[in-house]
Amino acid sequence: MLCGLASWLWRMLGAIVVLATASALTPKRVVLVSGANKGIGKEIARSIGMLPDHTVVLGCRDVELGEAAAAELRAGGCDVHTTRVDLTDPSSFDETVDDLERAFGRLDALVNNAAICFNDPTVIRSVSNSAP
């Protein structure tokens with residue numbers, strides 16, 4: 001599923017980059033980090049967000065947790081935004097593309113950090129945990 005998200009996002013966002021090159025809404029590089037509201041993803045986002053020529057977007061399943069993480073990173077000097085992206089909900093991919101296009105006009109890089117944890121009670125009923 002994660003590889004599918006990355007492939008899908010790059011196909012969709014590649015079109016955005018081509019269309020928005022001349023009218024980019026920010027001179028900074030825009031980086032989406034999936035699964036960025038905690039752990040390794042948040043620390044990756046912190047490192048990128050501290051770079052003066054980068055804007056980092058936290059891709060999070062839970063928007064409230066994403067906003068809390070973003071507030072913490074902003075307090076530390078990061079240029080950070082949030083968007084909802086849920087690996088168990090492919091419709092969220094379109095929402096993510098729309099959010100990025102509206103806010104920034106493009107995406108320069110994607111860090112695939114999100115994963116599905118099969119013992120997580122919030123997703124265990126929505127994702128099959130059987131191997132092919």
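How many helices and strands are there in the protein chain? The protein chain has four helices and four strands, where helices (H or I, at least four residues) and strands (E, at least two) are DSSP runs numbered from the N terminus. The model is predicted: local features need pLDDT of at least 70, side-chain atom pairs count only at pLDDT 80 or more, and totals for chains, interfaces and linings use all residues. Residues are numbered from 1 along each chain as its sequence is written, and side-chain values use heavy atoms, with hydrogens and water left out.

**Overall layout**

- Read from the N terminus, the elements of the protein chain follow the order α-β-α-β-α-β-α-β.
- Of the 132 residues in the protein chain, 39% are buried (under 20% relative accessible area; exposed is over 50%, partly exposed in between; 1.4 Å probe, protein chains only).
- Among contacts (heavy atoms within 4.5 Å) with a separation of 6 or more, 70% are between residues 24 or more positions apart.

- Leaving out residues up to four places away in sequence, V80 touches V56, L58, A70, L73 and R74.

**Packing of α2 and α3**

- The axes of α2 and α3 come within 11 Å and cross at roughly 35° (axes are lines fitted to C-alpha atoms, for helices over the stretch in contact; angles run from 0 to 180 degrees between N-to-C directions).
- This crossing of α2 and α3 is right-handed, meaning that the near helix is turned clockwise from the far one by less than a right angle.
- On the α2 side K42, A45 and R46 take part, meeting A69, E72 and L73 of α3.
- By class, the contact of α2 with α3 has three nonpolar, three charged and no polar residues.

**Surroundings of H54**

- H54 belongs to strand β2 and is buried, with a relative accessible area of 13%.
- The side chains of H54 and D53 are joined by a polar contact of 2.7 Å (a pair of N or O atoms within 3.5 Å; within protein, one must be able to donate a hydrogen and the other to accept it, and residues adjacent in sequence count only if both atoms are side-chain atoms).
- Not counting residues up to four places away in sequence, H54 touches K28, R29, V31, I48, G49 and D79.

How values were computed: Nonpolar A, V, L, I, M, F, W, Y, C, P; charged D, E, K, R; others polar.
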